[in-house]
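Me: Hi! I'm new to this one, could you walk me through it?
Reply: Happy to, let's look at it together.

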Amino acid sequence: MAKGAIVTRADDFPRWYQEVIAGAEMADNGPARGTMVIRPWGYGIWELMQAELDRRIKEAGAENAYFPLFIPEAFLQLEAEHVEGFAPELAVVTHGGGKELEEPLVVRPTSETVINHFFSKWIQSHRDLPMLVNQWANVVRWELRPRLFLRTSEFLWQEGHTAHATEADARDYALRILHDVYRSTMVDVLSIPVLVGHKTARERFAGANRTWTCEGMMGDGKALQMGTSHELGQNFARPFDITFSNAAGALEHVWQTSWGVSTRLVGALVMGHGDDFGLRLPPALAPVQVVVLVVKDEPAVREAAEALVAKLRAAGHRVRLDDRTDTGFGRRSVDWELKGVPVRVEVGPRDLAEGLVTVVTRHRRTKENVPLTAVAGTVAAVLATAGAELLAEATAAREARTADVATFEEAVAAGSDGFARVPLAALGADGEDSLAQHSLSVRCLQRADGSLAAPGDDEADLVAIVSRSY
């Protein structure tokens, strides 16, 4: 493959990632260490993801709300495992209005505590259940090794929080979010295949009984935790005294879930589909699906380009006209390639004289001369199939780097360059500690056939997915 405008993935994957983010004008480092400025191209991708997620969340019955950024420190102290898990990442406000605060305020790392404070006020009867809320917000977790979109001290996300009358209802809802919201968006919209399973006790969310996860493989073979859905049991209901009167009039504690995905998904899109020439966007997430480039500033060329833009826009596509002929055509082509626009239509005087334009398909990196009369159909066909083709390519790449192994040593070897599927029993009692010495971890647990474990399953019979991770 010819070299693009950036370093190749094989030469230096971390640098490649940074160069794609910069070259595609997606984000920049903020002035405070670990913070991120999301530029319009990156935010446009996030907005499209957000819309897909939000629609699915609402179809699952949850409603959007908003809760405060500042949380009294005492709230976090109520759930011991929760505060212990987040303590190293907390940002704490001790002064405000020129005075020392009577009680420090935590900048929310997640909102279980403040939302449960209000659940305890709002939930009285079984008629109030289930209570299903979601919020779109920013959170702060003090990050020691920041990386744009993947790990930043402040990031954007959605977090859902629910309360149910029974443990079974809560589990069913946590799994509904896992499948119908998260996996559906990741596979059907991001075109990234994911493995679903649950986390080990070492890896699960602080305060949860069980954490369900979606794990994707990135272009360098590492795993990325793309979204999680947690069964909280009654771990927050008890300290926050969230009770309801059941149909018989007796008081019971609710059963709860929480779940979230973040702007990390934008990083997943880059690492999951990007090539040595930049981004490759599934059409569903491309802020611009088609760019029409004016090759040379001539009246007939401009007129034809503007007519194409109008026709493609009328067909329902997101279209941009690039008529910046004071910038070299080659430079403009490279810029749009870096940004991952699915289709480029190049309108030049020589082709136009023959009634043709050039159509470039980004994910395949192919060019073809197309009659003006056929452009709309050609573009529609590419946009209709690009997502499925990217998914098929990513799935094949994951399968090629996934190995079924039988021993700890084999898991270390295979997991260092991809995914190792190994019987959990083969890792031994200290397996996770030993894996950590090789910079590996158990990404999730599944049944041997890849399905989700049920509550009664013996964990010793499960299969562990072992890999390096972000």
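**Pockets and strands**

Reply: Let's start with a lining: in the second largest pocket, the lining residues split into eight nonpolar, four polar and six charged. Keep in mind that this is a predicted model.

Me: What's the volume of that second largest pocket?
Reply: The second largest pocket takes up about 300 Å³. It is lined by 18 residues, and Arg9, Gly219, Gly272, Ala394 and Ala397 are the closest to its centre.

Me: Which helix gives the most to its lining?
Reply: That's H11, with five residues. Helix H11 covers 375-400, and helix H7 (264-273) also supplies at least two lining residues.

Me: And how much space lies in the largest pocket?
Reply: About 1500 Å³. Its lining has 46 residues, with Glu89, Arg141, Arg151, Gln225 and Arg264 closest to the centre.

Me: How do the residues of that lining divide?
Reply: For the largest pocket, there are 15 nonpolar, 16 polar and 15 charged residues. Helix H4 (80-86) and the strands S8 (154-164), S11 (223-233) and S14 (255-262) each contribute at least two residues to this lining.

Me: Switching to strands: how many bridges join S5 to S6?
Reply: Five, and S5 (residues 91-96) runs antiparallel to S6.

Me: What sits between S5 and S6?
Reply: Two residues, in a hairpin; Gly97 in the turn has a positive phi of about 65°.

Me: In which sense does S4 pair with S6?
Reply: Antiparallel, over three bridges between S4 (residues 70-72) and S6 (residues 99-107). There, Phe70 is opposite Val107 in S6.

Methods:
Residues are numbered from 1 along each chain as its sequence is written. This is a predicted model: local features need pLDDT of at least 70, side-chain atom pairs count only at pLDDT 80 or more; totals for chains, interfaces and linings use all residues. Side-chain values use heavy atoms; hydrogens and water are left out. Two strands pair if DSSP finds at least two bridges between them. Helices (H or I, at least four residues) and strands (E, at least two) are DSSP runs, numbered from the N terminus. On a 1 Å grid over the protein atoms alone, a cavity is a set of points where a 1.4 Å probe fits but cannot get out, and a pocket is an open set with protein on both sides within 12 Å along at least five of seven lines; lining residues have an atom within 4 Å of a point. Grid points are joined across faces, edges and corners, and a volume is the space filled by probe spheres set on the points. Ala, Val, Leu, Ile, Met, Phe, Trp, Tyr, Cys and Pro count as nonpolar, Asp, Glu, Lys and Arg as charged, and the others, Gly among them, as polar.
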